[in-house]
Structure formats: C-alpha cells, structure tokens
Amino acid sequence: MNFFGGGQEQQPQGPDPVFAAKVEMKMYTDLFNKIAASCFAKCASRRHKEPDLALGEMSCTDRCVAKYLEAQQRVGVVLQQANEAQLEQQQQLANMQQRFG
C-alpha cells in the first residue's frame, strides 16, 4: 500500500534505468578489455626494455583502437537498422491482424 498515493503502487513504465546503466557499463567494460587485450597483443613489444611504450608501439596502439572503435560503430549502425526493420515488420503484422482478425 502506498501511503502518499492512497491506492495501489504504480508499476514503473519502460525499462529500469539502473538496470540499463549496469548493462551499459558492463558492455563498455567488456569493450575496453577486448580492445586492451587485442591491441596490446598486436602492438606491444614482447621485450619490455623501458617502462613506457615506444613511439612505434604508441602509434600502432592508436591505429588499433581507432580501427576497433570504427568497426564497433559500423556494427552498431547495422544492428540498429536491423532492429528498426524488425520493429516495422512487427507493426505491419499487428496492423494486418487488426484488420483481418
């Protein structure tokens, strides 16, 4: 019972923002870990003579991260388009069912 509303408790509408934030944070963490592992394996020298990256290693890492993020962005665009097309198909199906059913 809700003391301030006087009636039944209202159910939240739409997705839970806290859950969405947690999922988004997990996705960004996974992305960062994949980028770090992939680009480090590709660009870092196996013989660590100095505590800092060499100039070649830094430029390789910059290119690697840029390519990885560009690929992720392109995949995101394609997935967004696929989701929009699927939603449109579902709406068309629902409209047809209302007309004929």
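This is a predicted model: local features need pLDDT of at least 70, side-chain atom pairs count only at pLDDT 80 or more; totals for chains, interfaces and linings use all residues.
Residues are numbered from 1 along each chain as its sequence is written, and side-chain values use heavy atoms, with hydrogens and water left out.

Arg46 sits in the loop between α1 and α2; helices here are DSSP runs of H or I with at least four residues, strands are runs of E with at least two, and numbering goes from the N terminus. Setting aside neighbours within four places in sequence, Arg46 is in contact (heavy atoms within 4.5 Å) with Phe40 and Ala41.

Now for the cysteines. Searching the whole structure turns up 2 disulfides, a disulfide being a pair of cysteine sulfur atoms within 2.5 Å. One of them pairs Cys39 with Cys64, with 2.0 Å between the sulfur atoms. The torsion about that S-S bond is about -85 degrees, so the disulfide of Cys39 and Cys64 is left-handed. Cys39 belongs to helix α1 and Cys64 to helix α2, so this pair ties together parts that are 25 residues apart in sequence. Cys39 is buried at a relative accessible area of 3%, and Cys64 is buried at 8%.

Cys43 is joined to Cys60 by a disulfide too, S to S 2.1 Å. Here the angle about the S-S bond is -65 degrees, and the link of Cys43 and Cys60 is left-handed. Cys43 lies in helix α1 and Cys60 in helix α2, so the pair ties together parts that are 17 residues apart in sequence. Both Cys43 and Cys60 are buried. Count the bonded cysteines along the chain and you get the pattern 1-4, 2-3.

Those cysteines also turn up in the largest nonpolar core, whose 6 residues are Leu31, Ile35, Cys39, Cys43, Cys60 and Cys64. A nonpolar core means a set of buried Ala, Val, Leu, Ile, Met, Phe, Trp, Tyr and Cys residues joined through side-chain atoms within 4.5 Å. Both α1 and α2 give two or more residues to this core, and α1 gives the most, with 4 residues. Leu31 touches Tyr68, Leu69 and Gln72, not counting residues up to four places away in sequence.

Leu31 leads us on to the open spaces. The largest pocket has a volume of about 310 Å³. Of its 13 lining residues, Glu24, Met27, Tyr28, Leu31 and Gln72 are the closest to its centre. A pocket is an open set of points on a 1 Å grid over the protein atoms alone where a 1.4 Å probe fits, with protein on both sides within 12 Å along at least five of seven lines, and lining residues have an atom within 4 Å of a point. Points are joined across faces, edges and corners, and the volume is the space filled by probe spheres set on them. The largest share of this lining, 8 residues, comes from α1.

The second largest pocket has a volume of about 180 Å³. Its lining includes Ser45, Arg47, His48, Pro51 and Glu57.

Note on methods: Buried means under 20% relative accessible area, exposed over 50%, partly exposed in between (1.4 Å probe, protein chains only).
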